[in-house]
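These are my notebook entries on the side-chain contacts that I looked up. I record each contact together with its place in the chain.

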Amino acid sequence: MKTHNQIDKRSLAMMEAIIEKIEKDPQKKGLEKARSVCSRWLEMHNNPYIKKWHEILNGEWEDIKKIMLDQSEEAIALRQCNPFCGILTPKERWNIYREFRK
């Protein structure tokens with residue numbers, strides 16, 4: 001069974017991969033997708049983490065990246081409910097999962 005610390009490290013690795021993928025795309029389609037997902041979630045749920053992501057995603061990319069990689073307790077909690085689903089392919093996600101299984 002994974003510890004919270006291991007899961008948090010894996011979530012951070014996922015964010016690093018997501019950032020890398022978004023940065024490779026000049027149009028930053030992944031960022032727009034996250035904004036769309038977050039807006040949709042916000043319509044369906046009154047969740048403080050979703051509200052916080054909505055606020056964050058309305059900022060500048062450099063600021064968003066800092067929060068995505070932040071090590072604070074708030075950032076760790078935000079990563080557990082992040083709207084960046086679908087940015088990584090299943091293969092990319094599973095590669096990260098495999099790496100953390102070792």
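In which helix do Trp-94 and Tyr-97 both lie, and how many residues apart are they? I looked them up in the model, which is a predicted one. Trp-94 and Tyr-97 both belong to helix α6, three residues apart, which is about one turn of the helix.

**Entry on aromatic pairs**

I counted two aromatic pairs. One of them joins Trp-53 and Phe-84 in an edge-to-face arrangement, with 5.5 Å from centre to centre and 80 degrees between the planes. This pair links distant parts of the chain, 31 residues apart. I found Trp-53 in helix α3 (residues 48–57), whereas Phe-84 is in the loop between α5 (73–79) and α6 (90–101). I noted Trp-53 as buried, at 1% relative accessibility, and Phe-84 as buried too, at 2%.

Trp-94 and Tyr-97 form a tilted pair, with 5.2 Å from centre to centre and 45 degrees between the planes. Trp-94 is partly exposed at 43% relative accessibility, and Tyr-97 is partly exposed at 29%.

**Entry on salt bridges**

I counted six salt bridges. I looked up several of them.

Within helix α1 (residues 4–24), Lys-24 and Glu-20 are four residues apart, about one turn of the helix. Their closest N and O atoms are 3.3 Å apart, and they form a salt bridge. Lys-24 is exposed at 63% relative accessibility, while Glu-20 is partly exposed at 45%.

I next examined Lys-65, whose side chain meets that of Glu-23 in a salt bridge of 2.5 Å, N to O. Lys-65 lies in helix α4 (residues 61–69) and Glu-23 in helix α1, so this pair ties together parts that are 42 residues apart in sequence. Lys-65 also forms a salt bridge with Glu-62, with 3.3 Å between the closest N and O atoms. Both Glu-62 and Lys-65 are in helix α4, three residues apart. I therefore recorded Glu-23, Glu-62 and Lys-65 as a network of linked salt bridges. Lys-65 is buried at 15% relative accessibility, whereas Glu-23 is partly exposed at 38% and Glu-62 is partly exposed at 45%.

Cys-85 is in no disulfide, its nearest cysteine sulfur, that of Cys-81, being 9.6 Å away. My count of disulfides is zero. Cys-38 is buried, with a relative accessible area of 1%, whereas Cys-85 is partly exposed, with 39%.

Terms used: Residues numbered from 1 in each chain as written. Predicted model: local features only at pLDDT ≥ 70, side-chain atom pairs only at ≥ 80, totals over all residues. Heavy atoms only, no water. Disulfide = S-S within 2.5 Å. Buried < 20%, exposed > 50% of the residue type's maximum accessible area, 1.4 Å probe, protein only. Phe/Tyr/Trp six-rings, centres within 6.5 Å; stacked < 30°, edge-to-face > 60°. Helix = DSSP H or I, 4+ residues; strand = E, 2+ residues; numbered from the N terminus. Salt bridge = Lys/Arg side-chain N within 4 Å of Asp/Glu carboxyl O.
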